[in-house]
Amino acid sequence: MKTRAAISKAPHEPLVIEEVEVDEPRSDEVRVRVVASGICHTDAIIRDQWYPVPQPVVLGHEGAGIVEQVGAEVTGLEVGDKVVLGPSFCGQCEQCLSGHPMYCTNFYDQNFGVRRTDGSTAFSAADGTPVGSHFFGQSSFAEHTNVVARSIVKVADDAPLDLLGPLGCGIMTGAGAVLNVLRPEAGGSIAVFGTGAVGMAGMLAAKAAGVSTIIMVDIVDERLKFAEELGATHVVNSQSADPVEAIKDITGAGVDYALDTTGVPAVFSQMTKSLGIRGHGALVGAAKLGTEAQFDIGTLLLSGINVSMVIEGDAVPKEFIPRLISLHQQGLFPFDKLTKTYGFDEINTAFDDSAKGATLKPIITY
Ligand code: NAD
Ligand code: ZN
């Protein structure tokens, strides 16, 4: 069938909305009519080729929609089901089998290969040229897309699909890094570096977990002000103050937990130095392959700190996304306050607004 998709053709170039052919879902796939898709910073860095993902490609990996067609071997999903799309994983390697599908041994190929394992793409241009699909298992910047059933999370019939797509990546990443990896104790302290959608989701999760000292660090005053409105107890603009000193002033001895959502090497170093003894820090911010950061092994050895590298909040999406929806329904995780809705034709404006920092989490509605 024909559908409209936003195609990324070259680095730093705007996406182009075109009609493409979407093929029949394979026996393990479902065809989803996408209702809405968040835009994540990762879509922008892949458009700009920080990772070598073949173009042309349909990006988008925070989709939510309605099942329209079900492959012959799919169980547990029916036409009409409302779904949130998650990252792809093989389901068979040792990481998947031990409950860590976001570290799937085949994660890179499955999510950035933009081909099925048989080499085919779900989309093709009018002249028959293949257009990359299955980006993060989904390629949700299309009105219809084919997705492997394994990575789909079914949600309630009355679930607000216009809102839920970002639970499949950015929101899950920030919240999961805190709730699944740092696992803070109530009454503790956390510093979050970067107040984008990922950092704010981490902040809201820390608040939901009862962390009582929440320090947000950024270089944009408006974002810090917003973080305060949403629950930060302290904010630090790291352009006007040394964040490590500021965090030690606030906490006395450093924070119990920290999260770096910037992927900036100097910030990663600041995060390690801001931790108190036996503190635990996590990096989720993405950097170009080959980026190195300084880490004072002499001093930090004595501190007993832990540092984790975290993909997609180390979540099992089918288990974690419903938990986040439940927290949201109880008013304990108000991630809707981070979002702003755009029409499909405004997708490049939404990318620009996100890059400028004007919008934390853009959501495209179809
Ligand atoms: P964003 O661009 O909205 O937020 C980044 C924030 O960092 C901005 O507010 C920016 O002002 C701030 N910042 C930049 N430089 C800084 C500095 N030197 N000091 C302090 N703050 C600084 O992005 P986002 O959507 O929140 O995503 C954050 C990162 O997480 C991105 O790199 C994204 O690619 C990555 N990501 C990783 C995963 C994962 O699985 N690990 C998943 C999703 C997103
Ligand atoms: Zn993402």
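Start by selecting Thr 42: at a relative accessible area of 16%, Thr 42 is buried, where buried means under 20% relative accessible area, exposed over 50% and partly exposed in between, using a 1.4 Å probe and protein chains only. Thr 42 sits in helix H1; helices here are DSSP runs of H or I with at least four residues, strands are E runs of at least two, and both are numbered from the N terminus. Now pick Pro 54, twelve residues away along the chain from Thr 42, and you'll find 15 Å between the two C-alpha atoms.

Before moving on, some housekeeping. This is a predicted model, in which local features need pLDDT of at least 70, side-chain atom pairs count only at pLDDT 80 or more, and totals for chains, interfaces and linings use all residues. Residues are numbered from 1 along each chain as its sequence is written, chains are lettered from A and ligands numbered from 1 in the order in which they are written, and side-chain values use heavy atoms, with hydrogens and water left out.

**Stop two: ligand 1**

Select ligand 1 and show what surrounds it: 26 residues, with Asp 218, Arg 223, Val 284, Ala 286 and Glu 312 the closest. To be in that set, a residue needs a heavy atom within 4 Å of the ligand.

Color by secondary structure next. Helix H1 (41–47) and helix H6 (197–208) are the elements that give two or more residues to the shell, and H1 gives the most, with three. By type, the shell divides into 13 nonpolar, ten polar and three charged residues. Coloring by domain instead, you'll see at least three shell residues from each of domain 1 (2–168 + 334–365) and domain 2 (174–310).

**Stop three: the zinc ion**

Jump to ligand 2. What holds this zinc ion? Cys 40 (SG), His 61 (NE2) and Cys 169 (SG) coordinate it at 2.0 to 2.3 Å. Donors are N, O and S atoms within 2.8 Å of the metal (3.2 Å for Na, K and Ca), and water is not among the atoms, so sites may look incomplete. Along the sequence, the spacing of the donor residues reads C-x20-H-x107-C. His 61 lies in the loop between strands E4 (57–58) and E5 (63–70), and Cys 169 in the loop between helices H4 (161–164) and H5 (170–182), so this pair ties together parts 108 residues apart in sequence. Both His 61 and Cys 169 are buried.

**Last stops**

Select Gly 285, in the loop between strand E15 (275–283) and H10. Gly 285 counts as buried, at 13% relative accessibility.

Follow on to Thr 299, in helix H10 (residues 297–301). The side chains of Thr 299 and Asp 296 are joined by a polar contact of 2.5 Å.

Finish at Asp 353 in helix H12 (residues 347–356). Buried or exposed? Asp 353 is buried, with a relative accessible area of 11%, and its side chain makes a polar contact of 2.7 Å with that of Tyr 342. A polar contact is a pair of N or O atoms within 3.5 Å; within protein, one must be able to donate a hydrogen and the other to accept it, and residues adjacent in sequence count only if both atoms are side-chain atoms.

Technical notes. Nonpolar A, V, L, I, M, F, W, Y, C, P; charged D, E, K, R; others polar. Domains from an automatic or database assignment.
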